[in-house]
Amino acid sequence: MTIEILGIWAGALLTLCLYSFLYRDNPFYRFAEHLFVGMSAGYWAVYTIFYVLKPNWWDRLVGAGDADPNLLWIIPGVLAMLMLLRVVPKLAVYSRLPLALIVGGGAGLQLVTFFQTNGLKQVENTIIPLTGGGTVGLVNNLILVAGVVCGLVYFFFSKAHKGFTGGMASTGITILMVAFGASFGYTVMARISLLIGQTQFLLFEWLPTIPRVLGL
Amino acid sequence: MKKLLERIGNVDRRVIFVLMALAVIVPLALKLTMEMPVGEGPSYELYEYIDQLPADSRVLMSFDYDPSTKPELQPMARALVAHMLGSDLNIVAMALWPQGATLGQEILSGVSDSLGAEQYEDWVNMGYKTGGQVLIVRLGTSIEAAFPTDLENVPYGEIPMLSDVSTLRDFDLVVTLSAGDPGIPAWVMIASDRFGVPVGGGCTAVSAPQFYPYLQQRDGERPQMEGLLGGLRGAADYETLIERPGLAAAGMSAQSIAHLVIMVFIVIGNITFFATGRKKRTKGGGR
(Lines give C-alpha, C1' and ligand atoms only; values in the text may rest on other atoms or scores of the structure.)
Protein backbone atom coordinates (compact mmCIF):
# COMPACT_ATOMS: atom_id res chain seq x y z
CA MET A 1 0.00 0.00 0.00
CA THR A 2 1.55 3.30 -1.05
CA ILE A 3 1.49 6.47 1.02
CA GLU A 4 -0.90 7.98 -1.55
CA ILE A 5 -3.46 5.22 -1.02
CA LEU A 6 -3.03 5.55 2.75
CA GLY A 7 -3.83 9.26 2.42
CA ILE A 8 -6.92 8.56 0.31
CA TRP A 9 -8.18 5.97 2.84
CA ALA A 10 -7.54 8.30 5.78
CA GLY A 11 -9.47 11.07 3.98
CA ALA A 12 -12.32 8.75 3.02
CA LEU A 13 -12.73 7.14 6.45
CA LEU A 14 -12.64 10.52 8.21
CA THR A 15 -15.21 11.86 5.73
CA LEU A 16 -17.53 8.95 6.52
CA CYS A 17 -16.94 9.45 10.26
CA LEU A 18 -17.96 13.10 9.96
CA TYR A 19 -21.01 12.40 7.79
CA SER A 20 -22.15 9.80 10.36
CA PHE A 21 -23.25 12.79 12.47
CA LEU A 22 -26.17 13.20 10.05
CA TYR A 23 -27.60 10.01 11.54
CA ARG A 24 -26.84 11.01 15.12
CA ASP A 25 -23.96 11.99 17.39
CA ASN A 26 -21.56 9.06 17.81
CA PRO A 27 -17.98 8.21 18.88
CA PHE A 28 -16.72 8.05 15.25
CA TYR A 29 -17.88 11.61 14.62
CA ARG A 30 -16.35 12.86 17.88
CA PHE A 31 -13.05 11.09 17.11
CA ALA A 32 -12.84 12.77 13.69
CA GLU A 33 -13.83 16.14 15.15
CA HIS A 34 -11.21 15.99 17.93
CA LEU A 35 -8.57 14.77 15.50
CA PHE A 36 -9.30 17.72 13.20
CA VAL A 37 -9.14 20.27 16.03
CA GLY A 38 -5.90 18.82 17.41
CA MET A 39 -4.19 18.52 14.04
CA SER A 40 -5.28 22.03 13.04
CA ALA A 41 -3.81 23.50 16.22
CA GLY A 42 -0.53 21.65 15.70
CA TYR A 43 -0.38 22.50 12.01
CA TRP A 44 -0.98 26.21 12.54
CA ALA A 45 1.53 26.39 15.42
CA VAL A 46 4.29 24.88 13.27
CA TYR A 47 3.25 26.90 10.21
CA THR A 48 3.28 30.17 12.14
CA ILE A 49 6.74 29.51 13.54
CA PHE A 50 8.40 28.39 10.31
CA TYR A 51 6.52 30.40 7.68
CA VAL A 52 5.65 33.62 9.54
CA LEU A 53 7.96 34.21 12.51
CA LYS A 54 11.17 32.75 11.10
CA PRO A 55 11.28 34.38 7.63
CA ASN A 56 9.64 37.67 8.62
CA TRP A 57 11.26 38.29 11.98
CA TRP A 58 14.02 35.93 13.11
CA ASP A 59 15.93 35.76 9.79
CA ARG A 60 15.91 39.57 9.57
CA LEU A 61 17.00 39.97 13.18
CA VAL A 62 19.98 37.62 12.97
CA GLY A 63 20.70 38.22 9.29
CA ALA A 64 20.04 34.91 7.57
CA GLY A 65 22.18 34.03 4.55
CA ASP A 66 24.28 36.94 3.27
CA ALA A 67 22.17 39.62 5.00
CA ASP A 68 23.51 41.64 7.94
CA PRO A 69 21.80 41.33 11.33
CA ASN A 70 19.32 44.13 11.98
CA LEU A 71 18.82 44.78 15.68
CA LEU A 72 15.83 47.07 15.01
CA TRP A 73 13.80 43.87 14.68
CA ILE A 74 14.11 43.47 18.47
CA ILE A 75 11.32 46.10 18.74
CA PRO A 76 8.58 43.98 17.09
CA GLY A 77 9.90 41.02 19.10
CA VAL A 78 9.40 42.94 22.35
CA LEU A 79 5.93 44.06 21.22
CA ALA A 80 5.02 40.46 20.46
CA MET A 81 6.18 39.41 23.94
CA LEU A 82 4.07 42.21 25.45
CA MET A 83 1.06 40.78 23.63
CA LEU A 84 1.62 37.45 25.40
CA LEU A 85 1.37 39.24 28.77
CA ARG A 86 -2.40 38.98 28.43
CA VAL A 87 -2.12 35.60 30.11
CA VAL A 88 -0.60 37.21 33.26
CA PRO A 89 -3.45 39.18 34.90
CA LYS A 90 -1.16 41.57 36.82
CA LEU A 91 0.81 42.54 33.70
CA ALA A 92 -2.04 42.25 31.17
CA VAL A 93 -2.32 46.03 30.89
CA TYR A 94 0.99 46.14 28.95
CA SER A 95 -0.56 44.03 26.18
CA ARG A 96 -2.66 47.05 25.25
CA LEU A 97 0.36 48.80 23.73
CA PRO A 98 0.91 46.37 20.80
CA LEU A 99 -2.86 45.97 20.50
CA ALA A 100 -3.26 49.76 20.16
CA LEU A 101 -0.57 49.78 17.45
CA ILE A 102 -2.34 47.00 15.52
CA VAL A 103 -5.77 48.65 15.80
CA GLY A 104 -4.43 52.11 14.96
CA GLY A 105 -2.31 50.90 12.04
CA GLY A 106 -5.10 48.68 10.71
CA ALA A 107 -7.71 51.42 10.95
CA GLY A 108 -5.39 53.97 9.32
CA LEU A 109 -4.59 51.62 6.47
CA GLN A 110 -8.17 50.46 5.95
CA LEU A 111 -10.09 53.69 6.45
CA VAL A 112 -9.27 55.51 3.24
CA THR A 113 -8.90 52.51 0.92
CA PHE A 114 -12.01 50.76 2.21
CA PHE A 115 -14.16 53.89 1.97
CA GLN A 116 -12.78 54.67 -1.48
CA THR A 117 -13.41 51.16 -2.87
CA ASN A 118 -16.58 50.12 -1.08
CA GLY A 119 -18.21 53.50 -0.48
CA LEU A 120 -17.32 56.30 -2.87
CA LYS A 121 -16.78 54.08 -5.91
CA GLN A 122 -20.12 52.34 -5.39
CA VAL A 123 -21.96 55.66 -5.02
CA GLU A 124 -20.22 56.89 -8.17
CA ASN A 125 -21.32 53.76 -10.05
CA THR A 126 -24.93 54.44 -9.04
CA ILE A 127 -24.91 57.91 -10.60
CA ILE A 128 -25.64 56.78 -14.14
CA PRO A 129 -27.66 58.14 -17.06
CA LEU A 130 -31.02 56.40 -17.34
CA THR A 131 -30.98 56.50 -21.13
CA GLY A 132 -28.44 55.32 -23.69
CA GLY A 133 -28.45 51.56 -23.19
CA GLY A 134 -31.65 50.73 -25.08
CA THR A 135 -34.80 49.46 -23.41
CA VAL A 136 -32.99 46.73 -21.43
CA GLY A 137 -30.37 49.21 -20.24
CA LEU A 138 -33.09 51.68 -19.22
CA VAL A 139 -34.92 49.03 -17.17
CA ASN A 140 -31.65 47.85 -15.57
CA ASN A 141 -30.58 51.38 -14.67
CA LEU A 142 -34.04 52.24 -13.34
CA ILE A 143 -34.03 49.16 -11.09
CA LEU A 144 -30.53 50.01 -9.89
CA VAL A 145 -31.29 53.65 -9.07
CA ALA A 146 -34.78 53.00 -7.65
CA GLY A 147 -33.44 50.05 -5.63
CA VAL A 148 -30.64 52.09 -4.08
CA VAL A 149 -32.93 55.07 -3.28
CA CYS A 150 -35.74 52.91 -1.85
CA GLY A 151 -33.24 50.79 0.12
CA LEU A 152 -31.80 53.95 1.67
CA VAL A 153 -35.29 55.29 2.47
CA TYR A 154 -36.00 52.08 4.43
CA PHE A 155 -33.09 53.00 6.74
CA PHE A 156 -34.18 56.66 7.04
CA PHE A 157 -35.99 56.90 10.37
CA SER A 158 -36.42 60.69 10.78
CA LYS A 159 -39.73 60.56 8.88
CA ALA A 160 -42.57 58.15 9.60
CA HIS A 161 -42.85 55.35 7.04
CA LYS A 162 -46.34 56.39 5.89
CA GLY A 163 -47.80 57.44 2.54
CA PHE A 164 -45.23 57.98 -0.22
CA THR A 165 -42.27 57.44 2.15
CA GLY A 166 -43.90 54.23 3.39
CA GLY A 167 -44.33 53.01 -0.20
CA MET A 168 -40.68 53.67 -0.94
CA ALA A 169 -39.62 51.93 2.28
CA SER A 170 -41.77 48.90 1.40
CA THR A 171 -40.18 48.77 -2.05
CA GLY A 172 -36.78 49.07 -0.37
CA ILE A 173 -37.37 46.16 2.01
CA THR A 174 -38.74 44.07 -0.89
CA ILE A 175 -35.55 44.69 -2.86
CA LEU A 176 -33.47 43.85 0.22
CA MET A 177 -35.40 40.59 0.60
CA VAL A 178 -34.70 39.71 -3.04
CA ALA A 179 -31.01 40.38 -2.38
CA PHE A 180 -31.05 38.20 0.75
CA GLY A 181 -32.83 35.48 -1.21
CA ALA A 182 -30.17 35.56 -3.94
CA SER A 183 -27.48 35.46 -1.27
CA PHE A 184 -29.14 32.45 0.41
CA GLY A 185 -29.41 30.71 -2.97
CA TYR A 186 -25.67 31.15 -3.49
CA THR A 187 -25.04 29.80 0.03
CA VAL A 188 -27.06 26.67 -0.74
CA MET A 189 -25.09 26.26 -3.97
CA ALA A 190 -21.80 26.55 -2.05
CA ARG A 191 -22.77 23.90 0.48
CA ILE A 192 -23.98 21.50 -2.21
CA SER A 193 -20.73 22.13 -4.12
CA LEU A 194 -18.73 21.00 -1.09
CA LEU A 195 -20.87 17.86 -0.85
CA ILE A 196 -20.35 17.23 -4.58
CA GLY A 197 -16.58 17.66 -4.20
CA GLN A 198 -16.42 15.17 -1.34
CA THR A 199 -18.72 12.73 -3.17
CA GLN A 200 -16.49 12.92 -6.26
CA PHE A 201 -13.52 12.14 -4.01
CA LEU A 202 -15.27 9.11 -2.52
CA LEU A 203 -16.61 7.81 -5.85
CA PHE A 204 -13.67 8.41 -8.16
CA GLU A 205 -10.61 8.35 -5.88
CA TRP A 206 -11.47 6.14 -2.92
CA LEU A 207 -13.80 3.46 -4.37
CA PRO A 208 -11.37 2.40 -7.17
CA THR A 209 -8.69 1.67 -4.52
CA ILE A 210 -10.86 -0.82 -2.60
CA PRO A 211 -10.24 -3.87 -4.90
CA ARG A 212 -6.49 -3.07 -4.88
CA VAL A 213 -6.32 -2.83 -1.10
CA LEU A 214 -8.41 -5.98 -0.60
CA GLY A 215 -6.36 -7.82 -3.24
CA LEU A 216 -9.36 -8.54 -5.47
CA MET B 1 -55.58 15.00 4.16
CA LYS B 2 -54.60 17.27 7.01
CA LYS B 3 -53.09 14.32 8.90
CA LEU B 4 -51.12 13.30 5.84
CA LEU B 5 -49.79 16.83 5.46
CA GLU B 6 -48.88 16.88 9.15
CA ARG B 7 -46.99 13.62 8.76
CA ILE B 8 -45.15 14.99 5.73
CA GLY B 9 -44.39 18.17 7.68
CA ASN B 10 -42.95 16.12 10.54
CA VAL B 11 -40.84 13.84 8.36
CA ASP B 12 -37.57 12.72 9.97
CA ARG B 13 -34.75 15.00 8.82
CA ARG B 14 -32.65 11.90 8.06
CA VAL B 15 -35.03 11.05 5.22
CA ILE B 16 -34.22 14.44 3.72
CA PHE B 17 -30.48 13.76 4.15
CA VAL B 18 -30.82 10.42 2.33
CA LEU B 19 -32.74 12.02 -0.55
CA MET B 20 -30.15 14.81 -0.82
CA ALA B 21 -27.33 12.25 -0.82
CA LEU B 22 -29.08 10.32 -3.61
CA ALA B 23 -29.65 13.54 -5.57
CA VAL B 24 -25.90 14.08 -5.55
CA ILE B 25 -24.55 10.51 -5.79
CA VAL B 26 -26.80 9.16 -8.58
CA PRO B 27 -26.02 11.83 -11.24
CA LEU B 28 -22.31 11.64 -10.43
CA ALA B 29 -22.20 7.83 -10.50
CA LEU B 30 -24.19 7.68 -13.75
CA LYS B 31 -22.05 10.53 -15.17
CA LEU B 32 -25.16 12.46 -16.20
CA THR B 33 -24.41 15.57 -18.22
CA MET B 34 -26.57 18.59 -18.88
CA GLU B 35 -26.19 21.18 -21.58
CA MET B 36 -25.04 24.36 -19.93
CA PRO B 37 -25.05 27.38 -22.21
CA VAL B 38 -22.85 30.26 -21.06
CA GLY B 39 -24.37 33.62 -21.84
CA GLU B 40 -22.94 37.09 -21.38
CA GLY B 41 -22.12 37.58 -17.74
CA PRO B 42 -19.27 37.83 -15.25
CA SER B 43 -17.79 34.44 -16.26
CA TYR B 44 -17.80 35.31 -19.95
CA GLU B 45 -16.36 38.76 -19.26
CA LEU B 46 -13.36 37.25 -17.47
CA TYR B 47 -12.86 34.69 -20.24
CA GLU B 48 -13.04 37.39 -22.89
CA TYR B 49 -10.61 39.67 -21.03
CA ILE B 50 -8.02 36.91 -20.67
CA ASP B 51 -8.59 35.73 -24.23
CA GLN B 52 -7.83 39.16 -25.73
CA LEU B 53 -4.53 39.58 -23.84
CA PRO B 54 -1.59 39.40 -26.25
CA ALA B 55 0.84 36.46 -26.00
CA ASP B 56 3.56 36.87 -23.33
CA SER B 57 1.34 39.16 -21.25
CA ARG B 58 2.00 38.77 -17.53
CA VAL B 59 -0.69 37.60 -15.12
CA LEU B 60 -0.28 37.57 -11.35
CA MET B 61 -2.37 34.72 -10.01
CA SER B 62 -3.07 34.58 -6.29
CA PHE B 63 -4.31 31.34 -4.72
CA ASP B 64 -6.14 32.73 -1.70
CA TYR B 65 -7.88 29.61 -0.42
CA ASP B 66 -7.31 26.35 1.43
CA PRO B 67 -8.54 22.74 1.12
CA SER B 68 -11.90 23.53 2.75
CA THR B 69 -13.01 25.34 -0.43
CA LYS B 70 -11.09 23.12 -2.85
CA PRO B 71 -14.20 21.61 -4.54
CA GLU B 72 -15.26 25.06 -5.75
CA LEU B 73 -11.98 26.88 -6.36
CA GLN B 74 -9.61 24.16 -7.57
CA PRO B 75 -11.60 23.44 -10.81
CA MET B 76 -11.68 27.20 -11.40
CA ALA B 77 -7.92 27.42 -10.94
CA ARG B 78 -7.34 24.49 -13.30
CA ALA B 79 -9.51 26.02 -16.04
CA LEU B 80 -7.95 29.48 -15.69
CA VAL B 81 -4.37 28.15 -15.72
CA ALA B 82 -5.15 25.97 -18.75
CA HIS B 83 -6.58 28.96 -20.61
CA MET B 84 -3.67 31.22 -19.72
CA LEU B 85 -0.86 28.77 -20.47
CA GLY B 86 -2.70 27.70 -23.64
CA SER B 87 -2.78 31.35 -24.73
CA ASP B 88 0.99 31.77 -24.08
CA LEU B 89 0.48 34.07 -21.11
CA ASN B 90 3.10 34.10 -18.35
CA ILE B 91 1.82 33.28 -14.87
CA VAL B 92 3.43 34.47 -11.66
CA ALA B 93 1.63 32.65 -8.86
CA MET B 94 1.52 33.49 -5.17
CA ALA B 95 -0.75 32.97 -2.19
CA LEU B 96 -2.17 35.08 0.61
CA TRP B 97 -3.33 31.87 2.32
CA PRO B 98 -0.65 29.38 3.52
CA GLN B 99 -2.08 26.25 1.91
CA GLY B 100 -2.93 28.12 -1.30
CA ALA B 101 0.71 27.91 -2.39
CA THR B 102 0.68 24.09 -2.39
CA LEU B 103 -2.74 23.89 -4.05
CA GLY B 104 -1.53 26.31 -6.71
CA GLN B 105 1.64 24.27 -7.30
CA GLU B 106 -0.48 21.13 -7.80
CA ILE B 107 -2.51 22.89 -10.51
CA LEU B 108 0.37 24.69 -12.19
CA SER B 109 2.64 21.65 -12.46
CA GLY B 110 -0.22 19.37 -13.56
CA VAL B 111 -1.58 21.68 -16.29
CA SER B 112 1.91 22.72 -17.32
CA ASP B 113 2.90 19.08 -17.92
CA SER B 114 -0.20 18.46 -20.05
CA LEU B 115 0.39 21.60 -22.17
CA GLY B 116 4.18 21.37 -22.39
CA ALA B 117 4.78 24.68 -20.60
CA GLU B 118 8.04 25.32 -18.77
CA GLN B 119 8.52 26.29 -15.13
CA TYR B 120 10.50 29.56 -14.82
CA GLU B 121 9.84 30.33 -18.52
CA ASP B 122 6.03 30.29 -18.60
CA TRP B 123 5.13 30.09 -14.92
CA VAL B 124 6.60 30.42 -11.49
CA ASN B 125 5.14 29.94 -8.01
CA MET B 126 6.45 32.47 -5.47
CA GLY B 127 4.67 30.75 -2.59
CA TYR B 128 2.91 32.12 0.45
CA LYS B 129 3.64 35.30 2.33
CA THR B 130 1.81 36.62 5.36
CA GLY B 131 0.45 40.16 5.46
CA GLY B 132 -2.67 40.16 3.28
CA GLN B 133 -3.48 43.71 2.24
CA VAL B 134 -0.15 45.05 3.53
CA LEU B 135 1.68 42.53 1.36
CA ILE B 136 -0.22 43.75 -1.73
CA VAL B 137 0.85 47.31 -0.91
CA ARG B 138 4.45 46.02 -0.71
CA LEU B 139 4.10 44.36 -4.13
CA GLY B 140 3.29 47.82 -5.48
CA THR B 141 6.81 48.98 -4.63
CA SER B 142 8.94 45.83 -4.91
CA ILE B 143 7.98 42.23 -5.61
CA GLU B 144 11.53 41.02 -4.93
CA ALA B 145 11.45 42.52 -1.43
CA ALA B 146 8.25 40.60 -0.67
CA PHE B 147 9.35 37.38 -2.37
CA PRO B 148 13.17 37.09 -2.36
CA THR B 149 12.85 33.44 -3.50
CA ASP B 150 10.16 31.29 -5.08
CA LEU B 151 8.41 28.30 -3.47
CA GLU B 152 11.42 26.08 -4.25
CA ASN B 153 13.91 28.62 -2.82
CA VAL B 154 15.25 29.72 -6.22
CA PRO B 155 16.42 33.35 -5.82
CA TYR B 156 14.29 36.00 -7.57
CA GLY B 157 17.24 37.21 -9.67
CA GLU B 158 17.83 33.73 -11.12
CA ILE B 159 14.29 33.32 -12.52
CA PRO B 160 14.36 34.31 -16.22
CA MET B 161 10.70 35.28 -16.58
CA LEU B 162 11.02 37.77 -13.69
CA SER B 163 13.99 39.65 -15.18
CA ASP B 164 11.82 42.62 -16.21
CA VAL B 165 9.20 42.39 -13.48
CA SER B 166 9.70 44.62 -10.46
CA THR B 167 6.33 45.88 -9.20
CA LEU B 168 2.63 45.12 -9.40
CA ARG B 169 2.26 47.65 -12.21
CA ASP B 170 4.29 45.37 -14.51
CA PHE B 171 1.36 42.95 -14.68
CA ASP B 172 -1.41 43.09 -17.28
CA LEU B 173 -3.89 41.36 -15.00
CA VAL B 174 -4.25 40.10 -11.44
CA VAL B 175 -6.39 36.99 -10.97
CA THR B 176 -7.34 36.07 -7.44
CA LEU B 177 -9.14 32.92 -6.35
CA SER B 178 -10.60 33.90 -3.05
CA ALA B 179 -12.23 31.99 -0.21
CA GLY B 180 -12.46 34.91 2.21
CA ASP B 181 -10.18 37.46 3.81
CA PRO B 182 -7.56 38.26 2.56
CA GLY B 183 -8.85 37.88 -0.96
CA ILE B 184 -10.84 39.76 -3.58
CA PRO B 185 -11.62 42.90 -1.50
CA ALA B 186 -7.92 43.41 -0.67
CA TRP B 187 -6.86 42.99 -4.32
CA VAL B 188 -9.59 45.35 -5.56
CA MET B 189 -8.76 47.97 -2.93
CA ILE B 190 -5.01 47.97 -3.54
CA ALA B 191 -4.20 46.49 -6.97
CA SER B 192 -7.20 47.84 -8.88
CA ASP B 193 -8.16 51.07 -7.16
CA ARG B 194 -4.73 52.21 -5.93
CA PHE B 195 -2.30 50.89 -8.56
CA GLY B 196 -4.70 50.72 -11.52
CA VAL B 197 -3.94 47.07 -12.39
CA PRO B 198 -6.97 45.19 -13.82
CA VAL B 199 -8.28 42.56 -11.40
CA GLY B 200 -10.43 39.51 -12.11
CA GLY B 201 -11.04 36.34 -10.21
CA GLY B 202 -13.19 33.68 -8.72
CA CYS B 203 -14.72 33.08 -5.33
CA THR B 204 -16.87 30.67 -3.38
CA ALA B 205 -20.59 30.90 -4.09
CA VAL B 206 -21.24 32.10 -0.53
CA SER B 207 -19.25 35.28 -1.10
CA ALA B 208 -20.17 35.92 -4.77
CA PRO B 209 -23.15 38.28 -4.19
CA GLN B 210 -21.04 40.73 -2.18
CA PHE B 211 -18.57 41.10 -5.07
CA TYR B 212 -21.08 41.81 -7.85
CA PRO B 213 -20.99 45.59 -7.20
CA TYR B 214 -17.30 45.50 -8.25
CA LEU B 215 -18.45 44.55 -11.77
CA GLN B 216 -20.56 47.68 -12.22
CA GLN B 217 -19.10 49.86 -14.96
CA ARG B 218 -19.67 53.47 -16.01
CA ASP B 219 -19.35 54.42 -19.67
CA GLY B 220 -15.70 54.89 -20.63
CA GLU B 221 -14.38 53.69 -17.28
CA ARG B 222 -12.78 50.43 -16.21
CA PRO B 223 -14.81 48.32 -13.74
CA GLN B 224 -13.22 47.45 -10.41
CA MET B 225 -13.24 43.79 -11.53
CA GLU B 226 -12.97 42.57 -15.14
CA GLY B 227 -14.99 39.43 -14.43
CA LEU B 228 -15.96 37.03 -11.68
CA LEU B 229 -16.44 33.27 -11.42
CA GLY B 230 -18.94 32.52 -8.68
CA GLY B 231 -18.76 29.06 -7.11
CA LEU B 232 -18.98 25.73 -8.93
CA ARG B 233 -21.24 27.28 -11.58
CA GLY B 234 -18.55 29.85 -12.42
CA ALA B 235 -15.94 27.09 -12.66
CA ALA B 236 -18.22 25.03 -14.91
CA ASP B 237 -18.86 28.09 -17.10
CA TYR B 238 -15.14 28.57 -17.57
CA GLU B 239 -14.53 24.88 -18.33
CA THR B 240 -17.27 25.12 -20.98
CA LEU B 241 -15.83 28.31 -22.46
CA ILE B 242 -12.33 26.86 -22.88
CA GLU B 243 -13.84 23.56 -24.08
CA ARG B 244 -12.11 21.49 -21.39
CA PRO B 245 -14.95 20.00 -19.32
CA GLY B 246 -13.68 18.84 -15.95
CA LEU B 247 -14.84 18.18 -12.39
CA ALA B 248 -16.96 21.35 -12.20
CA ALA B 249 -18.93 20.64 -15.39
CA ALA B 250 -19.38 17.04 -14.22
CA GLY B 251 -20.70 18.26 -10.89
CA MET B 252 -23.27 20.66 -12.36
CA SER B 253 -25.83 17.93 -13.14
CA ALA B 254 -25.69 16.83 -9.49
CA GLN B 255 -25.88 20.48 -8.45
CA SER B 256 -28.99 21.07 -10.57
CA ILE B 257 -30.79 17.95 -9.33
CA ALA B 258 -29.90 18.78 -5.71
CA HIS B 259 -31.33 22.28 -6.21
CA LEU B 260 -34.52 20.77 -7.64
CA VAL B 261 -34.87 18.51 -4.60
CA ILE B 262 -34.36 21.49 -2.27
CA MET B 263 -36.98 23.51 -4.17
CA VAL B 264 -39.45 20.61 -3.90
CA PHE B 265 -38.79 20.43 -0.14
CA ILE B 266 -39.32 24.20 0.21
CA VAL B 267 -42.65 23.99 -1.64
CA ILE B 268 -43.79 20.96 0.39
CA GLY B 269 -42.67 22.64 3.61
CA ASN B 270 -44.67 25.77 2.81
CA ILE B 271 -47.77 23.81 1.79
CA THR B 272 -47.74 21.75 5.01
CA PHE B 273 -47.00 24.84 7.09
CA PHE B 274 -49.97 26.82 5.77
CA ALA B 275 -52.34 23.86 5.37
CA THR B 276 -51.85 22.75 8.98
CA GLY B 277 -52.79 26.19 10.29
CA ARG B 278 -49.36 27.47 11.30
CA LYS B 279 -49.66 25.75 14.67
CA LYS B 280 -46.03 25.17 15.35
CA ARG B 281 -44.76 28.32 16.96
CA THR B 282 -42.17 28.46 19.70
CA LYS B 283 -42.59 30.48 22.86
CA GLY B 284 -40.75 33.46 21.40
CA GLY B 285 -43.09 33.60 18.43
CA GLY B 286 -40.59 32.14 15.97
CA ARG B 287 -41.39 29.21 13.74
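1. In this predicted model, 37 residues of chain B are in contact with 31 residues of chain A; contact means that the C-beta atoms of two residues, placed from the backbone, lie within 7 Å. Helices H2 (13–29), H4 (70–86), H8 (184–192), H9 (208–211), H10 (231–241) and H11 (247–275) of chain B each give at least two residues to the side that touches chain A. Helices (H or I, at least four residues) and strands (E, at least two) are DSSP runs, numbered from the N terminus.

2. On numbering and confidence: residues count from 1 along each chain as its sequence is written, and chains are lettered from A, with ligands numbered from 1, in the order in which they are written. Local features need pLDDT of at least 70 and side-chain atom pairs count only at pLDDT 80 or more, while totals for chains, interfaces and linings use all residues.

3. Chain B has eleven helices and six strands. Its C-alpha trace spans about 75 × 45 × 40 Å along the principal axes.

4. The six strands form an open, parallel sheet in the order S3-S2-S1-S4-S5-S6 (chain B); two strands pair if DSSP finds at least two bridges between them. Strands S3 (123–128) and S6 (228–230) of chain B are at the edges with a single partner strand each, so one side of each has no neighbour in the sheet.

5. Strand S5 (199–203) of chain B pairs with S6(B) in the parallel sense over three bridges. In S6(B), B:Leu229 is the bridge partner of B:Gly202.
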